[in-house]
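Have the sequence and the 3D view open as you read.

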Amino acid sequence: MTAVLFVSQLLNGLQLGVILFLVAAGLTLVFGVMDFINLAHGVQYMLGAYLVAVLVAWSGNFAVGLLLGLLGALVLGFVLEVLVFRHLTRRDHLEQVLGTFGVILIVTELVRIVFGSAPLAFPTPAALAGSVTLMPGLNYPVWRLVILGVGVGVAALLWYLVNRTRLGMLVRAGSTHPETVSALGVDIDRLFLVVFAFGAMLAGLAGAMAGPLVSVEPTMGDRILIVAFVVVVIGGIGSIKGAFVSALLVGLVDTLGRAFAADLLKALIGKSAAAAAGPALSSMLVYLLMAVVLSVRPSGLFGGRTA
Amino acid sequence: MTVAETVRKPGGSAGLRLALQPTLVCVFAFAAALAVAHGLGSSYGATMVGRTAAFALAAVSLSFLIGQGGLVSFGHAAPLGIGAYAVLIAGEYDVTNLLVVLPLGFASAALFSVATGAIALRTRGVYFIMITLAFAQMIFYVAASLSAFGGDDGMAVASRSTLFGMRVLKSDTNLAILAIALLGVALLALDRLVASRYGLMLRAGRANETKLQALGLDPYRHRLTALAIGGGLAGLAGVLLANQVEYVSPATMNWHVSGELIVMVVLGGTGRLAGAVLGAVVVTVLDETLGHFTEHWKLGLGLVIVAVVLLRGADLKALLRGTSA
């Protein structure tokens, strides 16, 4: 295990972590404010990637395409909220699961009808396509560094919004004492609309950032959604800070586990056994992490409310 | 709604007799459909009946968890897939006897449900839903990494299960008979369980946990047992499905399968176990018929689901409480 490999995997882990954070932030706020389980959040990640890919190709300019795409993701968030989600907020969790699952089927199939099942081309913007030498022997892609920067920037912006603005105060209050906030005259449904659409835009941004690295296809949201759930559960529902810490933790554990678990096993239990158990173990690590955290703290690392 | 109101139904021996009726109707309906298919010499018909009965068994086991225990598991595809993998893996070691494979499928699925349930049951509400989903996804990736058993793509099972070497499941009709029999036995056994003191405790725990605890009763053990039973029965359904398609892949455990099982349970109403059978029939038939017209049949399923949830909100709530099943 060389230092170069370790550092590059560390950076990869952090980069996966910030992508997860962008997705999980919207999820955890929606859970927190309305106790609403939104399975369709992964769909918004997928739509973000498609919107930006199409608009960049149409406008020929990455920045313009990104801005328009994010605007589109925001609008789609509003539309979905008004059409479906607002009717589910006061319902049973079982119905929320069902309704949002239905939305996944509809949107995924519509995307498949329009774009087909084959992955869509999403080239890295030319100016950011190269790589830089971070240390001797380590050439790291610029785009991945951009993702890290954007993720940290959004995290800082969210921290400011949630902790230093009136809207953020309402969100924080709403996530712990929704009845009280509502009784004080705050329109909690409108708050939910704003939080929901904003979360949809963040998920779209995550999709756009990840677009050049993963294959942009109709089911791309499925995998990220469930890992984002793990992030939300580990961090504690409703906590932005928890989502950030646990997203980085999950990103690091997953990436480093995939890179090094097999080697560690080889030293412990021999080569042939490790070759068989390594891939299984490294794909389980994130969920084992969740199991360990939950057996110690059932409401997550920063979860105040026992759900 | 008071606790008494929730737990009374469908207890008592009169309740049990009532509960028997839908069970018998289900079994007879499946048997009649199979007889018609057999009479017409349609092997496609027999395949469909067997497949539907297997999914009905999985849906019934989930309905037991959701309707009776209030345990909204979004990972029920996991025990289903584990049952299927039991057939595949045992087959690779030349074990094909049904009397081994069925208990093996039940036990391994139940074991998984208990191991993950022990952690998941520490939580409530959305946490429980997300954690069951996450654990199911974990086992999905584990299955995908089993390169000796096909990895991502899965692989064909060595042969259909046998009975001491006799190839009793060679015809789809016989397999359908086995599926219907298992469904019937599961429904009867669960009906008994629902009407028993144990079933009463489960429903009481769902309705008002604090009161139950104040009485000195601990719902945790009951819920864990329920997860074991529900998971084990789903494992049996998995054994049936693996025999049906003679192919096992991680796709059996895809979380969309968990979602579709929930759809079956809720469409049929969670108040009665037999409702899940109806839901399973509706979804499987929808799948087949829409699937013939368009490859985008999931769009239709999605529209149906969203329409049902949005339009029948009030009715559905009543169904969830079991007052108008």
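Leaving aside its neighbours within four places in sequence, which residues is V7(A) in contact with?

## V7 in chain A

Once the neighbours within four places in sequence are set aside, V7(A) is in contact with M135(A) and L138(A). Keep in mind that this is a predicted model.

V7(A) sits in helix α1 of chain A, which covers residues 3-34. Its C-alpha atom is 10.0 Å from that of Y140(A), a residue 133 places away along the chain.

## Where the chains meet

Now for the pairing of the two chains: 40 residues of chain B are in contact with 38 residues of chain A. On the chain B side, four helices each bring at least two residues: α6 (125-144), α11 (255-268), α13 (297-311) and α14 (313-321). The largest share belongs to α6(B), with 13 residues.

As for the kinds of residue, the side of chain B that touches chain A has 29 nonpolar, 8 polar and 3 charged ones.

## The nonpolar core

The largest nonpolar core has 206 residues. Within that core, V230(A), L57(B) and A59(B) touch the most other members.

Zoom in on L57(B) and, leaving out neighbours within four places in sequence, you'll find it in contact with L182(B), L183(B) and A186(B), plus L233(B), L236(B) and A237(B).

Key: Residues numbered from 1 in each chain as written. Chains lettered and ligands numbered in written order. Predicted model: local features only at pLDDT ≥ 70, side-chain atom pairs only at ≥ 80, totals over all residues. Contact = placed C-beta atoms within 7 Å. Nonpolar A, V, L, I, M, F, W, Y, C, P; charged D, E, K, R; others polar. Core = buried A, V, L, I, M, F, W, Y, C linked by C-beta atoms within 7 Å. Buried ≥ 20, exposed ≤ 12 C-beta atoms within 10 Å, placed from the backbone.
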